Every structure is written in structure tokens, then in C-alpha cells.
Amino acid sequence: MTLHLKKSWIISLITSFVLLGGVLLSPATSADAAKVATSTYSDLDQSYAEFKEYTNQLFALETYEAKAFTALESIDTQVTSTNRKSMYLKLTNTVIPNYTKLVSKAKQIKPTNPQIKKIHATFVKASYTQLEGYLLYQKAVSKNKVNYTLLKQGNAKVNTASVLMDQCEQQLYAYARSLGYDS
């Protein structure tokens with residue numbers, strides 16, 4: 001049986017923003033924006049500030065995700081009794097502790113903006129679901145005999161997390177576009 005390993009979401013997001021020409025640093029200006037009342041500018045400025053603060057908080061989690069994914073990339077995705085112990089040690093010593101920190105730190109982020117709050121709830125759910133998948137992987141390879149039922153359940157969790165992360169990314173991009181960021 002093969003482990004389903006998903007790409008690093010935060011690293012992917014950072015890369016996407018960089019490829020878009022640093023959209024976080026340079027929102028698009030439009031002719032219509034010049035017609036908007038001053039109070040709306042204040043609201044927009046507040047939204048920009050909240051968005052930038054939120055993405056900076058997400059990017060601060062990248063170090064934990066990077067450590068977890070570096071260890072995951074070194075794991076042979078084909079699970080056998082021969083590589084079981086190595087997988088167990090990498091999951092136990094690196095992947096799970098770092099992903100647990102990521103989830104813990106993500107839960108501490110408390111956006112005040114209602115739209116960002118909704119996006120963040122999806123992010124936390126996705127991250128936690130992914131952690132649950134890794135914990136199932138760990139349990140599956142913790143004994144001398146690999147538990148393929150648990151591996152299958154772990155794959156299902158990781159796949160669900162991937163869908164949730166994709167939704168979160170789409171929500172985040174849609175919100176960025178609504179603020180006038182280029183995409």
C-alpha cells in the first residue's frame with residue numbers, strides 16, 4: 001500500500017503569491033476606486049491590513065510545515081515491513097511534532113475579519129485533519145506487522161485534508177481579489 005503525501009500548502013501559497021508578482025505587497029488600483037468615499041477607503045485599508053496580518057501569521061507557520069514535509073519527502077511512500085520502522089521514527093520524531101505545533105499555533109490565530117475568520121476555520125480544519133492522517137500512519141507502522149486498514153484510513157484523512165486545503169486556498173485567493181489584488 002502507498003502513503004498519500006500531499007504538498008506543503010503554506011509553501012505552495014507563498015510560491016503562488018511570489019509568482020503573482022508579490023500581490024500581498026502591491027494591490028491593484030482601479031479607476032473605480034478613486035470614486036469611492038473616504039470612509040470606504042478606511043474600510044478597505046482595514047481589510048488590507050487584516051489580510052496582510054493574517055497571511056503573515058500563516059507564513060510564520062511555514063517553518064513547522066517545512067520540517068514536517070522535508071521528513072515526509074524522505075519517506076518511501078510504498079509501505080513495507082522493511083521500511084516500517086524508519087517511517088515510524090520519522091513520523092514520531094519529526095512529522096507529527098512539527099505538524100502538531102503547526103495546528104496548535106494555527107488555533108492561536110484569531111482573525112477578527114468575518115471573511116478571514118471563515119477562511120481560517122477551513123485552514124485549521126484542514127491542518128487538523130491532515131495531522132489525524134499522520135497519526136493514523138504512525139499507528140499503522142508502530143507494530144512489527146503493518147496495519148493496512150489504518151494506512152487506508154490515514155490516506156482518506158490526508159485526501160480529505162487536501163480537499164479542504166484547496167477550498168481554503170480558493171477562498172483566500174477570492175478574498176484577495178475582492179480587495180483588489182491582482183491574480
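**Entry 1: two tyrosines.** I looked up Tyr 99 and Tyr 134 and found that both are buried (under 20% relative accessible area; exposed is over 50% and partly exposed lies in between, with a 1.4 Å probe and protein chains only). I keep in mind that this is a predicted model, where local features need pLDDT of at least 70, side-chain atom pairs count only at pLDDT 80 or more, and totals for chains, interfaces and linings use all residues. Residues are numbered from 1 along each chain as its sequence is written, and side-chain values use heavy atoms, with hydrogens and water left out.

**Entry 2: aromatic pairs.** I searched the whole structure and got four aromatic pairs. Rings of Phe, Tyr and Trp (its six-membered ring) pair if their centres lie within 6.5 Å; planes under 30 degrees apart count as stacked, over 60 as edge-to-face and the rest as tilted.

Phe 51 and Tyr 175 make a tilted pair, 5.7 Å centre to centre with 55 degrees between the planes. Phe 51 sits in helix 2 (residues 38-60) and Tyr 175 in helix 6 (residues 148-178), so this pair links distant parts of the chain, 124 residues apart. Both Phe 51 and Tyr 175 are buried.

Back to my tyrosines: Tyr 99 and Tyr 134 pair edge-to-face, at 5.3 Å centre to centre and 85 degrees between the planes. Because Tyr 99 lies in helix 4 (residues 84-108) and Tyr 134 in helix 5 (residues 114-140), the pair ties together parts 35 residues apart in sequence. I also noted one aromatic cluster formed by Phe 69, Tyr 99, Tyr 134 and Tyr 137.

**Entry 3: the helices.** I found six helices and zero strands in the chain. Helices (H or I, at least four residues) and strands (E, at least two) are DSSP runs, numbered from the N terminus.

How do helix 5 and helix 6 run relative to each other? Their axes come within 8 Å and cross at roughly 160 degrees; axes are lines fitted to C-alpha atoms, for helices over the stretch in contact, and angles run from 0 to 180 degrees between N-to-C directions. Helix 5 and helix 6 are therefore roughly antiparallel (over 145 degrees; under 35 is roughly parallel, 65 to 115 roughly perpendicular, the rest oblique).

**Entry 4: the whole chain.** I read that buried residues make up 42% of the 183 residues. Among contacts (heavy atoms within 4.5 Å) between residues at least 6 apart in sequence, 82% join residues at least 24 apart.
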